[in-house]
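Let's take a friendly walk through this structure, starting with its charged pairs and ending at a patch on its surface.

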Amino acid sequence: MAISVLVVEDDRNICELLKLYLEKEGYAVTVAVDGGDGLAKFRTYKPDLVLLDVMMPVMDGWAVCKAIRGESQTPIIMLTAKSETDDKVTGLKSGADGYITKPFEMKELLARMEAVLRRTDRKVVENNPRKLIFDKLTIDMEAFELILDGKKVDAPPKEMELLFYLASSPNRVY
């Protein structure tokens with residue numbers, strides 16, 4: 001299944017360009033042209049990644065970012081013309097995972113998207129922190145189940161605990 005991206009941008013030309021490039025790269029793209037519409041589409045479609053402009057009608061990008069962050073850990077990359085250091089700091093402190101200024105190179109945007117998605121490929125089920133879900137692996141400590149490619153794998157309890165502990169701390173060397 002394709003990775004879904006929500007583009008929240010009031011410039012329709014940029015929206016069209018992003019949509020064309022991202023779809024060419026295999027992403028499923030939804031577009032919103034103002035902050036209010038962007039937040040509504042975020043709640044409806046639950047995308048894997050959000051590309052968010054700052055200066056938009058109805059609701060600015062800072063407010064949209066804070067609202068999304070209040071209810072989800074979905075990665076957000078700010079894509080904006082505001083290039084001052086204070087703007088970048090505000091964006092990152094608002095909860096954005098990345099900040100790219102316009103004009104931007106498509107190669108850089110794609111690389112940053114891949115980097116952010118790589119860091120967030122592990123999903124913790126919101127209401128159950130004892131269950132980790134990866135692409136083809138599920139570790140459920142409540143049921144003591146290890147599921148690989150949809151098939152249950154028998155593992156001793158200590159191995160399950162160790163695997164869960166290591167998987168809970170990505171990007172850390174032991």
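**Charged pairs and a nonpolar patch**

Searching the whole structure turns up eight salt bridges. Please bear in mind that the model is predicted. Side chains of opposite charge can pair when their charged atoms come close.

Begin with Arg43 and Glu71, which form a salt bridge whose closest N and O atoms are 3.0 Å apart. Arg43 sits in helix H2 (residues 35-45) and Glu71 in helix H3 (residues 61-71), so this pair ties together parts that are 28 residues apart in sequence. How accessible are the two partners? Arg43 has a relative accessible area of 43%, so it is classed as partly exposed. Glu71 is partly exposed too, with 39% relative accessibility.

Next, find Lys102 and Asp53, whose side chains meet in a salt bridge at 3.6 Å, N to O. This pair also links distant parts of the chain, 49 residues apart. Lys102 belongs to the loop between strand S5 (98-101) and helix H5 (106-119), while Asp53 belongs to the loop between strand S3 (49-52) and H3. Is Asp53 buried or exposed? Asp53 counts as buried, because its relative accessibility is 4% and the cut-off for buried is under 20%.

Arg112 is partly exposed at 37% relative accessibility, and Glu108 is partly exposed with a relative accessible area of 34%. Some salt bridges share partners, and in this way Glu9, Asp53 and Lys102 are joined into one network.

Which residues make the nonpolar surface patch? Leu162, Tyr165, Leu166 and Tyr174 make the patch, which covers about 430 Å². To get your bearings, pick out Leu166, which is placed in helix H6 (residues 157-168). Leu166 has a relative accessibility of 38% and therefore counts as partly exposed.

Terms used
Residues numbered from 1 in each chain as written. Predicted model: local features only at pLDDT ≥ 70, side-chain atom pairs only at ≥ 80, totals over all residues. Heavy atoms only, no water. Patch = residues over 30% accessible without salt bridge, like charges linked within 9 Å, V, L, I, M, F, W, Y side chains within 5 Å. Areas by Shrake-Rupley, 256 points an atom, 1.4 Å probe, with all protein chains shown as cover. Salt bridge = Lys/Arg side-chain N within 4 Å of Asp/Glu carboxyl O. Helix = DSSP H or I, 4+ residues; strand = E, 2+ residues; numbered from the N terminus. Buried < 20%, exposed > 50% of the residue type's maximum accessible area, 1.4 Å probe, protein only.
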